[in-house]
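Come along and check each entry against the picture.

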Amino acid sequence: MSEHNFSRRIFLLGSAAGLAGCSTVPSLKRMGYKSPNEKLNCAAIGAGGKGESDIGPCKGENVVALCDPDWRQAARSFRNFPDAKKYKDFREMLDKEKTLDAVTVSTPDNVHAVAAMACIKRGLHVYVQKPLTHDIYEARMLKEAARKYGVATQMGNQGHSEEGIRVCCELIWAGAIGNVREVHAWTNRPIWPQGIPNMLDAEPIPEDDEGKPSIDWDVWLGPAPYRPFNHAYAPFNWRGWYDFGCGALGDMACHILDAPNWALMLSGGPTSVECIKIEGRNKQTFPNKSIIKFEFPARGSMCALDLYWYDGGLLPPRPADIPEDVRLGEGDNGSLFIGDKGYLTTGTYAGGTRLLPKELDDAWKGKAPKVLTRAPGNNHHQDWLRACKGGEPAGSNFDYAAPYTEWILAGSISTRFEGKLEYNAEKMRFTNNKEANQYVKRQYRKGWSLNM
């Protein structure tokens, strides 16, 4: 079989698996899908910070409601959409706004799943920031709910809609670097405090201009265990705390590991994960630095793979045959695929994809067959909005994003333990460490649930 036919066969098999849950799509036009020329009624859960840039691309639609427990953070979105109704609790918004079609979810990680599920159960399309969920179980439940209710979904790993990741996949599938047995990926995150062993002292919640609390702290906490307000949790530094975020891995792996996940078909999950180096392990926050090793089994015609993740500024060893003046990835963020015939390196969003050495890159310029369709305008939000109106499923829909998120979160769990965690991805279970399984599915605070 030629390399072209082989790579196309790999692509088609991968696409069939990725869209297995989308068989209901053709019938959805009878369930409220709008024509491409008709405007959607959109809302935001989390309208400040990243939420501003997620609801912003919906300006060509009808943005009818904005929700954020901290109205100070949402102020610019309120100004951008002055006619939108304002809420602090998304549960109230969803109960009152009966005409919604689509919702962006851009909260801290611990609220992603309960907010998205509340939308999905109402038949609303959802765009959910990365990582898709805080827990492995939540990712599985969102995937199943999206299939059950037939909604259009997208995770906010925007590089998935760009050209670089497609070039990466096509080069790998065409055999440009041969069998890939090892991948190294790295980031300069965290750029927020981690390695903090204790809860922070209680502080008064800041007041707004009317002398009232400026943030609804109970709603901000969502399903997380109660703790008093401290400005070092919100609005920004929540990502490093186990109760709220998923650390550097949760923040950046959904971008940097997207190319390995897609190109090397890793959605079946690893057989083991191990935090092999760590600085600052504690019970409250993610560490200051870590190196995590994932072991993936053989997948079809692809060989077994060891994948290494480095954060906190740690870097992988440079292969001896790559000169020091050759930049890997983007420098402080990126990935390196090690193949039998050479190397491939990409940046944060798989931009700057290129082969090494340069002679290999020159030899493959324009040679890999373009077997992947391109997203409209390489625009991640427009890819989702098109799907909301009955178009093709978005590229990082939950059939793709949920299994991907699951194995990344297995890596997050590994930072809590010493030694290798053997993992059964299908059953979402660590088979050699019962204690680790408590973090697969957490207990929610009263008043919050994930029921379908």
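**Entry: helix pairs**

I began with helix α6 (residues 136-149) and helix α13 (residues 398-414), whose axes come within 8 Å and cross at roughly 175 degrees. Because of that angle, α6 counts as roughly antiparallel to α13. I then listed who makes the contact: Ile136, Ala139, Arg140, Leu142, Lys143, Ala146 and Arg147 on the α6 side, with Phe398, Asp399, Ala402, Pro403, Thr405, Glu406, Leu409, Ala410 and Ile413 on the α13 side. Sorted by class, the residues of this contact are 10 nonpolar, one polar and five charged.

Before going on, I noted the ground rules. This is a predicted model, in which local features need pLDDT of at least 70 and side-chain atom pairs count only at pLDDT 80 or more, while totals for chains, interfaces and linings use all residues. Residues are numbered from 1 along each chain as its sequence is written, and side-chain values use heavy atoms, with hydrogens and water left out.

I also wrote down my terms. Helices (H or I, at least four residues) and strands (E, at least two) are DSSP runs, numbered from the N terminus. Axes are lines fitted to C-alpha atoms, for helices over the stretch in contact, and angles run from 0 to 180 degrees between N-to-C directions. Angles under 35 degrees count as roughly parallel, over 145 as roughly antiparallel, 65 to 115 as roughly perpendicular and the rest as oblique. Contact means heavy atoms within 4.5 Å. Nonpolar covers Ala, Val, Leu, Ile, Met, Phe, Trp, Tyr, Cys and Pro, charged covers Asp, Glu, Lys and Arg, and the others, Gly among them, are polar.

Next I looked at α5 with α6, which pack at an angle of about 10 degrees with their axes 10 Å apart. So α5 is roughly parallel to α6. Here Ala113, Ala116, Met117 and Ile120 of α5 meet Glu138, Met141, Leu142, Ala145, Ala146 and Tyr149 of α6. I find nine nonpolar residues in this contact, no polar and one charged.

**Entry: enclosed helices**

How many residues of helix α9 are buried (under 20% relative accessible area; exposed is over 50%, partly exposed in between, with a 1.4 Å probe and protein chains only)? I find 10 of the 10 residues of α9 (residues 247-256) buried, so this helix is largely enclosed by the rest of the structure. Among them are Asp251 and His255.

Helix α12 (residues 380-388) has seven of its nine residues buried, so α12 is also largely enclosed.

**Entry: single residues**

I found His160 in the loop between β6 (153-155) and α7 (163-173). His160 is buried, at a relative accessible area of 1%. Not counting residues up to four places away in sequence, His160 touches Ile165, Arg166, Asp258, Trp262, His380, Gly395, Ser396 and Tyr400. I also noted its C-alpha at 8.8 Å from that of Ala375, 215 residues apart along the chain.

Lys39 sits in the loop between α1 (3-18) and β1 (41-45). Is Lys39 buried or partly exposed? With a relative accessible area of 44%, Lys39 is partly exposed.

For my terms on a 1 Å grid over the protein atoms alone, a cavity is a set of points where a 1.4 Å probe fits but cannot get out, a pocket is an open set with protein on both sides within 12 Å along at least five of seven lines, and lining residues have an atom within 4 Å of a point. Points are joined across faces, edges and corners, and a volume is the space filled by probe spheres set on them.

The second largest pocket has a volume of about 720 Å³. Of its 35 lining residues, I noted Gly49, Lys50, Ser106, Trp238 and Arg239 as the closest to its centre. The lining holds 16 nonpolar, 10 polar and nine charged residues.

I counted two cavities of 30 Å³ or more. The second largest cavity holds about 60 Å³ of space, and α9 gives the largest share of its lining, three residues.
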